[in-house]
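Reader: I would like to learn how to read a predicted model feature by feature. Could you walk me through this one?

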Amino acid sequence: MDDSILEKLTIPIIMAEDALSAGNLATAIRRATMALENLPQIEQELLAIRTTAYRRQKKFSEAYNDALILQKKMPNDFRGYAEAALSLFEQEKLSETIETCESILPKHTIKFYKHIPEYKALIKLREESKHKLNQRVDLMKRLPYDIAISILNQLTFNDILNCLDVSKLWRQYILGCETIKVQNVILTDEMMTDYFTRTGSSSPSSLYRAVQLISDQVMSLKINCSESQVEEVANLLHNVSFHHLHSLEVGEDIGKWLPIATLLRNSSRALEQLYLDTSCEITLYEILDICQNIQFVKCGTPLHPVKLSDTKRDKLYLHSTTLTHLHIITKGIRDEDIGHILKGIINLRELMIAEDNPVFLNILYKHGSRNLSHICFRPEGLHKNPSNDEDDVNIDTTQYNRTIDIHYCDNVTADLLLLLLKVQECTEALSLTVAPDILQDWSEVAYFGSFHLRYLKFSFTKETEIVFASMIRNCPSLEQVIIHTISHPPRLLLRAIQSSLPKLRCFAIENSSEYAKGNPNIAIDDDELWTFFQYYVSLGNCSSLQEVRLRNLFNVQLSTLLQLTKLEKLKVIHLIGLYPYFDNPGISPAIRALAASSLPLLEYLVFDGDDIKDYDIQDLDYTVLRLEYLPHVTKVGIEGIMNRSKKLRKLIIHKCEKLDRDVMEDLVAKRKNIRLVYYN
């Protein structure tokens with residue numbers, strides 16, 4: 001600060017004080033008034049100093065705010081504008097820097113200004129900002145065409161809308177390129193709120209125009225809004241046409257309010273996949289009539305118009321040459337409807353029905369073609385996603401060419417099943433998970449044998465154990481055996497598996513948690529299970545066993561679990577809901593033993609346990625680690641895993657009450673190569 005400015009303030013103050021002491025009041029008033037007149041200049045100088053200090057500390061927002069105050073106090077002075085422009089320039093906000101400079105600089109050069117330092121600074125900042133803007137690389141201009149298209153095809157719908165606003169060049173490039181495909185447009189409350197917030201518009205018509213611009217490039221559309229936004233989405237669908245839509249999914253309980261038929265007609269030639277819930281009023285007959293190239297349909301809609309009589313329904317044949325996958329979650333399907341489906345949809349490869357009707361098996365035996373390779377009956381609903389379910393006992397069967405899945409169908413009989421297996425003679429995966437008390441006369445299954453069967457999942461009783469043991473012996477190619485919902489210790493089954501299946505890769509004994517808690521007296525024979533694992537340990541490198549799942553079982557002892565640490569070919573271990581007896585030390589010693597063991601191929605470990613503490617898990621190091629129901633594990637245990645693990649790529653936390661989501665996200669963020677999945 002210039003000394004002369006300080007003198008203008010300090011000298012009048014001193015002289016005013018002297019005059020006041022001498023009793024010369026008029027002089028004191030005059031000198032004090034002179035000092036007050038100089039205060040604004042002092043304030044401006046101090047503001048300029050603070051602005052410069054903030055900028056040097058990289059506190060650009062504070063510096064910019066002080067510069068704006070300077071502009072208000074000195075609207076015709078270059079200093080406030082120069083400080084604001086410097087703050088913007090150092091933040092690389094070049095366009096705003098140019099705008100700030102030009103707001104104060106005169107259009108024509110004035111010689112008098114050339115000697116003002118702030119004027120020179122503004123001229124220099126404007127020129128440097130323009131030069132930097134010209135030097136910036138536009139990816140759309142520099143990248144090869146195919147690479148630019150590949151990048152744009154990975155973007156979400158909101159990202160594409162943002163790209164349209166970058167520049168005229170980007171807008172023309174995106175809208176003029178037919179090979180850009182918007183893979184996934186999700187119409188939700190959050191998406192619409194985000195759009196209105198970003199654009200500052202509250203008019204739905206602006207959203208309609210934005211969606212219409214790229215509607216022909218949309219490949220996948222998912223509608224999952226709340227009831228309060230259904231009317232808005234319905235209006236959007238009335239105003240926008242998706243002519244090249246390949247996949248459409250409608251969320252639960254909103255389909256009846258949406259113009260589904262109109263949407264299908266607009267994309268009838270392109271649509272290949274359709275997911276509709278039970279609230280949609282359009283029928284399967286209408287879907288197949290409108291969508292000429294449909295390949296996959298999952299719907300809860302009626303097959304025919306409800307008002308039609310049975311006689312008229314029989315005349316409306318369901319016909320399609322392109323449909324290959326059909327999932328029906330509609331209740332009350334008639335036997336004749338299944339017959340019409342099998343006769344009219346000639347290339348059907350996968351049929352899944354949420355209905356418990358044993359007659360359907362007989363119809364499949366009579367009318368099912370050899371093209372039909374995947375058959376599933378799940379009365380509890382095909383919409384259920386087991387990924388977050390504590391009773392998830394499903395193993396992927398998509399690798400098999402022909403599958404039959406009969407899930408909790410109480411009326412299924414051995415005769416009907418064997419008839420279906422006779423038609424589907426090359427079946428590779430069979431899932432027969434019915435309630436154990438439903439299984440009655442299954443003796444004929446003992447004589448079934450197949451060299452094609454590679455996957456078997458079943459429930460059994462004390463009476464039917466010998467039947468399924470014989471079936472296992474007759475199917476030597478089995479690779480995966482899942483014993484589900486045991487009502488009796490599976491001694492004969494373990495011996496049959498051990499003696500007859502040289503290619504066994506996956507072995508599981510699993511109950512649902514509800515069944516296990518309701519039947520605490522059904523305990524596993526631990527000695528038999530120990531002997532089973534010991535056999536595969538004795539095979540050493542010749543063992544084929546790669547996956548073991550033990551879920552919701554009683555009386556699995558520590559010595560048996562320690563056998564798993566010796567199976568060197570293991571890749572996956574699930575240890576969930578192992579309820580010990582009083583003399584069992586719990587699962588924590590087994591987890592510590594796994595951490596200390598050197599299983600070179602182990603990639604996926606899932607476990608729970610009330611007795612597990614932080615120190616039990618800190619040395620675990622696998623590609624995927626899933627922690628479930630660990631009430632005593634805290635942040636300390638996860639920090640230990642993060643600090644010591646080298647292989648970990650995915651951490652799944654499910655219902656661990658002391659592990660907060662935000663804290664876990666902060667921990668995982670320190671390791672950029674690890675993905676966190678958190679379930680409440």
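Reader: Where is Ser 431 found, and which residues does Ser 431 touch?

Author: Ser 431 sits in strand 10, which covers residues 429-433. Setting aside residues up to four places away in sequence, Ser 431 touches Ile 404, Asp 405, Ile 406 and Lys 457. With Asp 405 there is also a polar contact of 3.3 Å between the two side chains.

Reader: Can we take a single pair as an example of separation? How many residues apart in sequence are Gln 41 and Met 74?

Author: Gln 41 and Met 74 are 33 residues apart in sequence, and their C-alpha atoms lie 9.9 Å apart in space. Gln 41 belongs to helix 2, residues 25-56, and counts as partly exposed at 30% relative accessibility.

Reader: On to strands. How should I read pairing, and which strands does strand 2 pair with?

Author: Read the sense of the pairing, then the number of bridges, then individual partners. Strand 1 (residues 185-187) and strand 2 (residues 220-223) pair in the parallel sense over three bridges. Here Val 185 stands opposite Leu 221 in strand 2. Strand 2 also pairs with strand 3 in the parallel sense, over four bridges, and the bridge partner of Ser 220 in strand 3 is Ser 247.

Reader: In what sense do strand 13 and strand 14 pair?

Author: Strand 13 (residues 506-510) and strand 14 pair in the parallel sense, over five bridges. Phe 507 has Val 548 of strand 14 as its bridge partner. Strand 14 is mostly covered, with eight of its eight residues buried.

Reader: What is the place of Phe 507 in the largest nonpolar core?

Author: The largest nonpolar core has 162 residues, and Phe 507 and Phe 607 touch the most other members. Leaving aside neighbours within four places in sequence, the contacts of Phe 507 include Val 481, Ile 483, Leu 494, Ile 497, Phe 532, Phe 533 and Val 548. A second, separate core of twelve residues has Phe 78, Ile 104, Leu 105 and Leu 125 among its members.

Reader: Now helices. Which residues of helix 13 are buried, and why do they line one face of the helix?

Author: In helix 13 (residues 230-239), Val 230, Val 233, Ala 234, Leu 236 and Leu 237 are buried. They line one face because they fall within an arc of 160° seen down the axis of helix 13. The face turned away from that buried side carries the exposed residues Glu 231 and His 238.

Reader: Which residues of helix 8 are buried?

Author: In helix 8 (residues 145-152), they are Ala 148, Ile 149 and Leu 152. Their arc around the axis is only 100°, so they are on the same side of helix 8.

Reader: What should I look for in backbone angles?

Author: Asp 253 has a phi near 65°. Asp 253 lies in the loop between strand 3 (247-250) and helix 14 (260-266), and is partly exposed at 46% relative accessibility. Asn 555 has a positive phi too, of about 70°. Asn 555 lies in the loop between strand 14 (547-554) and helix 24 (558-563), and is buried, with a relative accessible area of 15%.

Reader: Last topic: how many disulfides does a search of the whole structure find?

Author: The general idea is that a disulfide is a covalent bond between the sulfur atoms of two cysteines. A search of the whole structure finds zero disulfides. As for individual cysteines, Cys 376 counts as buried at 4% relative accessibility, and Cys 506 counts as buried at 1%.

Notes: Residues numbered from 1 in each chain as written. Predicted model: local features only at pLDDT ≥ 70, side-chain atom pairs only at ≥ 80, totals over all residues. Heavy atoms only, no water. Buried < 20%, exposed > 50% of the residue type's maximum accessible area, 1.4 Å probe, protein only. Helix = DSSP H or I, 4+ residues; strand = E, 2+ residues; numbered from the N terminus. Arc of directions from axis to C-beta. Polar contact = N/O pair within 3.5 Å; in protein donor to acceptor, adjacent residues only side chain to side chain. Contact = heavy atoms within 4.5 Å. Pairing = 2+ DSSP bridges. Core = buried A, V, L, I, M, F, W, Y, C linked by side-chain atoms within 4.5 Å. Disulfide = S-S within 2.5 Å.
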